Amino acid sequence: MANQVKSDKDYSQYFQPPSLTDAKKRGKEEIAVHYDFHIPEDMQGFGKDKYYLIRTYGCQMNEHDTEVMRGLLEQMGYQTTEDKYQADVILLNTCAIRENAEDKVFGELGHLKALKAQKPGLVLGVCGCMSQEEAVVNRIMQKHAFVDLIFGTHNIHRLPALLKDAFYNKEMVVEVWSKEGDIVENLPKKREGIRAWVNIMFGCDKFCTYCIVPYTRGKERSRRPQDVLAEVRDLARQGFQEITLLGQNVNAYGKDFEDITYSFANLMDDIRKIDVPRIRFTTSHPRDFDDELIEVLGKGGNLVEHIHLPVQAGNTEVLKRMSRKYSRDHYLQLARKIKATMPDVVLTTDIIVGFPGETDEQFEDTMSLYEEVGFDFAFTFIYSPREGTPAADMEDNVPMEVKKQRLYRLNELVNAHSKASNEKLLGETVEVLVEGESKNNADVLAGRTRTNKLIHFTGSKELIGQMINVKVTHAQTWILKGEIVEEPLKLSI
């Protein structure tokens, strides 16, 4: 049960470098919810006339954590900058999912070493998921001693105090909680644009054998429904056009409540009644995607017709080795149920190729599943072991050349499906949320359909932030092109 009172648990055990052994534990201790957060008085003007820069790697959860850190820093008086030479504080908010993300961070630290030597007063910090890994923290402490501050995903609210320690101490400050802390509400957030992310829960208890997230993000903890709903209502009042609900496994929302029965379907049904044009969510785990949720999503309205539903592999034996806790048949049945209730739904997914032991026949099952479901798009990855996960102890016996060939074939299939899906929209009028200028052409506007398809068109910059109707005139593999129309919507896609 989540208590809405101050916790008197002893946090001293958490103030140390991370331990993978401790991170694996799922204790019964209660998670308290705190509503009394405030910036300490002596830190409220600490950043006056100073600048901060945060570089963010990884998923939307990391992006949202960055919004919180920006909010904290600006309440301390700091101003944002993109110029590392101007910055007084530089934080690298890191991702631990894939090895190349880790390589990027250590490469960036190498570049920042010279800057730190030139500007000794600069506070350089590493935070996020990589900081929750024992081996990473040890490597930073041994080989990158110029780093001033290391903290993790569970104690972001402690940033003001940690920054103060890092500023005044002449040695590295490390505070990483191996086990998750409480839920801290009312943290300041610095959001920009017309879309907003809202955390509805933290952590993951699925323990897929290839994934480090259950260790870096801790056990599943759901925010109280009234707190989520209050935040969404406030964002609606501020004029945000699209809200994405975030969690490592949003379908598990509410399963940790002991005092109430309230599921993710209940939450979506309540949010459906709030005056926000679009509501999205990510990420879903097929194991927890139940009929009640499908029924609610079928009501439509501001609940968009796009579901990202990671499958990872199309063969039941591979899924078992991944500890995904569902079979090929279960996934296919789920996809059929969703499509029966939401005929216009667009399904996207994640797929890993070359998992330990994957045979040619098992890979073909992934290809055939992709065809049978009819995904519109997939994020595809070559398997790489992550230290500390069960899969890292398995024999990585699929040769890299074979992995690359499989990825190539899968990507060819993904591209073909994406283009075919886009071509079905030729001549249709779609609802578009105008997000801004195209990255490649300032004279072209870019927006997204309800099903998250990117579309380019020409129009006034005054349209940014608005919903408009666009007729699709060209369909490419990754983007649509269209013309603004004044006629009523024929189809919302």
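Visitor: Which residues of strand 16 lie on one side and which on the other, and are they buried or exposed?

Guide: In a regular strand the side chains alternate between the two faces of the sheet. In strand 16, Val-346, Thr-348, Asp-350 and Ile-352 are on one side, Leu-347, Thr-349, Ile-351 and Val-353 are on the other, and all are buried. Buried means under 20% relative accessible area, exposed over 50% and partly exposed in between, with a 1.4 Å probe and protein chains only. Strands (E, at least two residues) and helices (H or I, at least four) are DSSP runs, numbered from the N terminus. This is a predicted model, in which local features need pLDDT of at least 70, side-chain atom pairs count only at pLDDT 80 or more, and totals for chains, interfaces and linings use all residues. Residues are numbered from 1 along each chain as its sequence is written, and side-chain values use heavy atoms, leaving out hydrogens and water.

Visitor: Which residue of strand 16 is the bridge partner of His-308?

Guide: Two strands pair if DSSP finds at least two bridges between them. Strand 15 (residues 306–308) runs parallel to strand 16 and is joined to it by 3 bridges; the partner of His-308 is Thr-348. Strand 17 (residues 377–382) also pairs with strand 16 in the parallel sense, over 6 bridges, and there Ile-351 stands opposite Thr-380.

Visitor: Why does Cys-204 count as buried?

Guide: Cys-204 counts as buried because its relative accessibility is 9%. Cys-204 is placed in the loop between strand 11 (201–202) and helix 6 (213–216).
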